[in-house]
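Please keep the sequence and the model in view while reading.

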Amino acid sequence: MAFALLILFLVILVIGIPIGFAMGFMTVAGLAITGNNLITIPQKMFSGIDNFTFLCIPLFILASEIMSGCRLTEDIVNYCNTIVGHIKGGLAHVNILASMLFAGVSGSATADATGLGRVELEMMTKAGYKPEYAASVTAASAIIGPIIPPSNIMIIYAVCAGNVSVMSMFLAGVIPGIILGMMEMGLCYYFAIRHRHPYNLLKATKAEKWASLKQAAPALGLPLIILGGIITGVFTATESSAVAMVYAFIVACCKKSITFRSFQKACFNTAKTTANVMFIIAIASAMGYAITVLRIPQAMVGFCMTFINSKLVFLLFVNLILFFLGMVLDQSPALLIMVPILLPIATQYGIDPIHFGIICCLNLTIGLITPPVGMTLFVTANVAGVKLSSLFKAITPFALLGILYVLIVTYIPALSLALPGLLNK
């Protein structure tokens, strides 16, 4: 019966029903078939979002909206251009480095692709890069957003895991996010040599670098304040979101780049995004209860204990499940559905919950740019005005690089555990 419901769920997704309604349908069907009282659904939905930690999500989103709406992101791009614009690959490196820095503001691949991505795409196409390549670099760099802190999906994972702090997840994402950005820049360097991409012939002078740094300093200060405050214990990860929002507002006011209308628009966009995320979290909480009633976790545990006798094989099994799930589901519902099922099994194999969380987040993030469904590809294609078929071909090398990187992080736990372990001593 559980397998039949899963097939029905996938069919509903394929025909285009929104993910939240598809999850709700499966929840109602599962509880109705097993004879459970449907009054449990609203109770589980409310309890699923009744968590103080989730306050981080709208506040980080609002901080990102203020920074993007007031065009403070352009300062980040201009600064990155003075740093890496002279390297072969030029604006492709600028695109990736800017996304790495903006990741400390947005925490979202969609925010990066729609906000910072517009600036990056315009610069690259004007410089002579093919629109498809520019779009592929923008999509590939956008997925760094959910890895380098702050990260909305890491907040959701920490809540799902229960015994993992948001601060530990944030710290665990720093090194993997930086390494992924460097690997993408290496691939862009290869393409630059092969296809003779344009780049700045003259290296920026110290005066130019200093001038662009002063211009971008207010925007770059936000991720430093967030991480610095968390590491030093000045404020918690939840409190850091409020600090980030207030800081972004003060910077926008000081630079005289915010108006009542732009702030109103930022609040409106935040409300829409937050409502969407929280609705999915609420539905996923009820769906998690239905999955438990259907004894799917017990069946999964039994399968793993019977057929998988090695931790290494289990990690490969998890990678395959989450990777394909990330291609068809948004990150939030995928985490809310799979973490309660897979994390208890992972702990039985002796896998650190923080390391397992990074594996989950990376897999679902790489799925965002993997054809034929990757959600970020649809957003980037719309922003760039290119055909999806062309973008699928251009993004394939970056997707393959992402898969290779996930395997590296999976089997080298120190990449994600070094920083949390160092700072928690």
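This is a predicted model: local features need pLDDT of at least 70, side-chain atom pairs count only at pLDDT 80 or more; totals for chains, interfaces and linings use all residues.

## The nonpolar core

The largest nonpolar core of the model has 128 residues. Tyr157, Phe314 and Phe356 are the residues with the most contacts inside this core. Helix α16, residues 331–348, supplies the largest share of the core, namely eleven residues. As a general background, nonpolar side chains in soluble globular proteins tend to be buried together.

Phe356 illustrates how the core is joined. When residues up to four places away in sequence are not counted, Phe356 touches Tyr157, Phe314, Val318, Leu342, Leu343, Ala346 and Ile351. Two of these partners, Tyr157 and Phe314, are named with Phe356 as the residues with the most contacts inside the core.

## A nonpolar patch on the surface

A surface patch is formed by Leu312, Leu316, Leu320, Phe324, Leu400, Ile403, Leu404, Leu407, Ile408, Tyr411 and Ile412, which together have about 950 Å² of accessible area. Helices α15 (311–328) and α19 (388–411) are the elements that give two or more residues to the patch. Helix α19 gives the most, with six residues.

Ile403 is one of the patch residues and lies in helix α19. Its relative accessible area is 31%, so Ile403 is classed as partly exposed.

With a relative accessible area of 37%, Lys311 is partly exposed. Leaving aside neighbours within four places in sequence, Lys311 is in contact with Tyr349 and Ile351. The C-alpha atoms of Lys311 and Tyr349 are 5.7 Å apart in space, although the two residues are 38 residues apart in sequence. Ile351 is also among the residues that Phe356 touches.

Asn95 lies in helix α6, residues 91–106, and Ser141 in helix α8, residues 131–142. Asn95 counts as buried because its relative accessibility is 1%, and Ser141 counts as buried because its relative accessibility is 0%. Not counting residues up to four places away in sequence, Asn95 touches Glu120, Met124, Ala134, Val137, Thr138 and Ser141.

Ala381 is placed in helix α18, residues 375–384. This alanine is buried, with a relative accessible area of 6%. Ala381 and Pro131 are 250 residues apart in sequence, and their C-alpha atoms are 9.8 Å apart in space.

## The salt bridge

The structure holds one salt bridge. The pair is Glu122 and Lys126, whose closest N and O atoms are 3.0 Å apart. Both residues lie in helix α7, residues 109–126, and are four residues apart, about one turn of the helix. Glu122 counts as partly exposed at 41% relative accessibility, whereas Lys126 counts as exposed at 66%.

## Cysteines

How many disulfides does the structure hold? The number is zero. A disulfide is a covalent bond between the sulfur atoms of two cysteines. For Cys160, the closest cysteine sulfur is that of Cys360, and the distance of 9.7 Å is too far for a bond, since the two sulfur atoms of a disulfide must be within 2.5 Å.

Cys160 counts as partly exposed at 25% relative accessibility. Cys267 is partly exposed as well, with a relative accessible area of 30%.

## A loop residue with a positive phi

Arg196 lies in the loop between α10 (166–195) and α11 (206–232). Its phi is positive, at about 55°, although Arg196 is not a glycine. Most residues other than glycine have a negative phi. Arg196 is exposed, with a relative accessible area of 76%.

How values were computed: Residues are numbered from 1 along each chain as its sequence is written. Side-chain values use heavy atoms; hydrogens and water are left out. Patches are made of residues with over 30% relative accessible area and no salt bridge: like charges are joined within 9 Å, nonpolar side chains (Val, Leu, Ile, Met, Phe, Trp, Tyr) within 5 Å. Accessible areas come from the Shrake-Rupley method with a 1.4 Å probe; for residues, only the protein chains shown count as cover. A salt bridge is a side-chain nitrogen of Lys or Arg within 4 Å of a carboxyl oxygen of Asp or Glu. Buried means under 20% relative accessible area, exposed over 50%, partly exposed in between (1.4 Å probe, protein chains only). A nonpolar core is a set of buried Ala, Val, Leu, Ile, Met, Phe, Trp, Tyr and Cys residues joined through side-chain atoms within 4.5 Å. Contact means heavy atoms within 4.5 Å.
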